[in-house]
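Please look over the structure shown below together with its sequence. The report that follows takes up a few regions in turn.

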Amino acid sequence: MGTVIKEKCCWREIMNVCTIVYSFYETDTRVRMYAEALAQRGDNVDAIALKGGCLPDHEIINGVHVYRIQERIRNEKGKFSYLARLLRFLVGSAAFVSKKHLAERYDLIHVHSVPDFEVFAALIPKLTGAKVILDIHDIVPEFYASKFNVNRQSAIYIALKLLEKISVGFSDHVIIANHIWEKTLVARSACAEKCTTFLNYPNRSVFRFTPGALNGKRLLVLYPGSLNWHQGLDIAIKAFAIASKKLPDARFDIYGEGPAKGALKRLIEDLDLQEKVRLNGFLPLEQIVKKMAEATIAVVPKRNDSFGGEAFSTKVFEFMALGVPVILSKTKIDQYYFNDSVVQFFEPENYRELADALASLALDENRRQTLANNALKFIDGLSWQNKKFNYYSLVDKLLGKSSPHAYAGRA
């Protein structure tokens with residue numbers, strides 16, 4: 001028997017867990033919320049991730065051992081260069097996790113997609129008794145079609161759907177990032193009993209509203225996240241160029257990396273906005289939270305295409321928890337979860353309507369305060385502090401271990 005700990009009057013065996021993600025652990029709030037929740041309750045948790053900048057190959061973050069095994073620059077413009085990096089990480093992570101597993105057995109491997117086939121990095125642990133969770137942040141066929149403008153009737157799109165089904169079949173349980181995608185996945189690749197939806201819930205100990213924290217000196221519009229075409233940052237920049245004529249002291253800060261960064265930089269120059277729009281790189285979670293809390297207005301300008309229109313943004317909940325009003329593209333997924341009492345909607349890709357929304361909200365402090373207050377009430381029951389107990393129960397049930405937490409089956 002392994003080590004046991006006492007938790008809420010129940011004895012529970014400590015688990016060895018590994019999470020694998022083709023992303024930067026320090027900036028990925030969804031990955032961190034799972035890994036650090038398990039570490040907080042006493043489990044041994046490793047994370048295998050990408051390496052950015054001058055960060056060390058190994059670091060302990062909030063009790064999680066983070067191993068950075070491959071560097072990445074978000075500049076993939078071709079299908080083959082993108083695939084080559086994914087395959088390199090698959091091979092590297094499979095070798096790393098297999099070696100660690102044979103030295104000290106993992107009970108659970110939690111694999112995050114994109115890509116979904118990264119789940120096969122857990123082959124050796126699964127064959128020797130470990131359970132495997134596949135966590136689908138973005139559904140790959142739609143993500144790939146959007147990223148590389150691939151037709152849904154093409155052979156590669158059909159092959160990706162087949163690969164999704166095989167990846168889901170290999171896993172012991174599937175976590176999905178929103179309810180619309182759960183319906184899609186159940187319709188084509190998985191049985192409902194094998195799936196659980198966990199939204200990108202904010203960690204309220206990190207994303208914590210502090211009255212008076214907002215920037216009162218200069219109107220600051222802010223976007224943090226990936227710089228992909230479907231995120232619509234070009235739309236936001238064009239809108240800001242118009243709105244800034246009514247808001248001479250306003251600034252627009254963008255934090256992130258991605259293949260659209262070069263085009264966005266050129267657009268800023270073409271519109272002569274270098275003094276008002278700033279492109280910044282990714283920041284670790286603890287640093288970006290401070291920047292987000294200083295914003296006057298948050299903007300999430302996604303396109304309403306087959307992927308972006310159904311991709312639920314982590315940023316919306318996080319800004320709500322910080323008390324920052326959000327201007328949000330009226331996509332399919334966002335209409336599913338929100339209404340105009342908690343966010344300021346605009347029609348997707350209509351940069352003139354976004355400009356009007358920016359100017360009117362910036363000039364109406366009462367409206368900003370109303371949205372912020374309504375959003376704080378809305379988000380109150382949707383914190384990770386509450387929802388993590390569903391995750392604990394899911395994991396313990398999957399491993400056949402007793403758990404003091406009731407598992408609701410849906411999050």
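I242 lies in helix α7, where helices are DSSP runs of H or I with at least four residues, strands are runs of E with at least two, and both are numbered from the N terminus. With a relative accessible area of 31%, I242 is partly exposed; buried here means under 20% relative accessible area and exposed over 50%, with partly exposed in between, using a 1.4 Å probe and protein chains only. Leaving aside neighbours within four places in sequence, I242 is in contact with Y351, R352 and A355, contact meaning heavy atoms within 4.5 Å. Although I242 and A355 are 113 residues apart in sequence, their C-alpha atoms are 6.0 Å apart in space.

This is a predicted model, in which local features need pLDDT of at least 70 and side-chain atom pairs count only at pLDDT 80 or more, while totals for chains, interfaces and linings use all residues. Residues are numbered from 1 along each chain as its sequence is written, and side-chain values use heavy atoms, with hydrogens and water left out.

## Helix α12

Helix α12 has twelve residues and reaches 16 Å from its first C-alpha to its last, close to the 16 Å expected at 1.5 Å a residue; the expected span is 1.5 Å times one less than the number of residues. Its buried residues are L354, A355, A357, L358, A359, L361 and A362, and these pack against β11, α7 (233-243), β14, β15, β16 and α13 (365-379).

## The six-stranded sheet

An open sheet of six strands runs in the order β13-β12-β11-β14-β15-β16, with parallel pairing, two strands being paired if DSSP finds at least two bridges between them. The edge strands, each of which pairs on one side only, are β13 (277-280) and β16 (344-346). Neighbouring strands of this sheet are turned by 20° against each other on average, direction ignored. Helix α12 (residues 351-362) packs on the sheet, touching β11 (220-224), β14 (297-300), β15 (326-329) and β16, and its direction makes about 160° with that of β16; axes are lines fitted to C-alpha atoms, for helices over the stretch in contact, and angles run from 0 to 180 degrees between N-to-C directions.

Strands of a sheet pair through backbone hydrogen bonds, either parallel or antiparallel. In the case of β12 (residues 251-255) and β13, the pairing is parallel and extends over four bridges, and I254 stands opposite L279 in β13.

## Helix α14

Helix α14, which covers residues 384-398, has 15 residues and reaches 20 Å from its first C-alpha to its last, close to the 21 Å expected at 1.5 Å a residue. Just after α14, G400 takes a positive phi of about 70°.

## D46 and the cysteines

D46 lies in strand β4 (residues 44-51) and is buried, with a relative accessible area of 11%. Its side chain makes a polar contact with the side chain of K100 at 3.4 Å; a polar contact is a pair of N or O atoms within 3.5 Å, where within protein one must be able to donate a hydrogen and the other to accept it, and residues adjacent in sequence count only if both atoms are side-chain atoms. Not counting residues up to four places away in sequence, D46 touches V17, C18, T19, V64, H65, Y67, K100 and Y106.

C18, one of these contacts of D46, is buried, with a relative accessible area of 0%. A search of the whole structure finds zero disulfides, a disulfide being a pair of cysteine sulfur atoms within 2.5 Å. C195 is in no disulfide, and the nearest cysteine sulfur, that of C191, is 6.4 Å away. At 1% relative accessibility, C195 counts as buried.

## Loops and backbone geometry

N149 is located in the loop between α4 and α5, has a positive phi of about 55° although it is not a glycine, and counts as exposed at 71% relative accessibility. S154 is found in the loop between α4 (140-148) and α5 (155-170), and its side chain reaches the backbone oxygen of N151 at 2.6 Å.

D272, in the loop between α8 (261-270) and β13, likewise has a positive phi, near 55°, in a residue other than glycine, and is exposed, with a relative accessible area of 63%. The peptide bond from V114 to P115 is cis, with omega near 0°, and P115 lies in the loop between β7 (108-113) and α3 (123-127).
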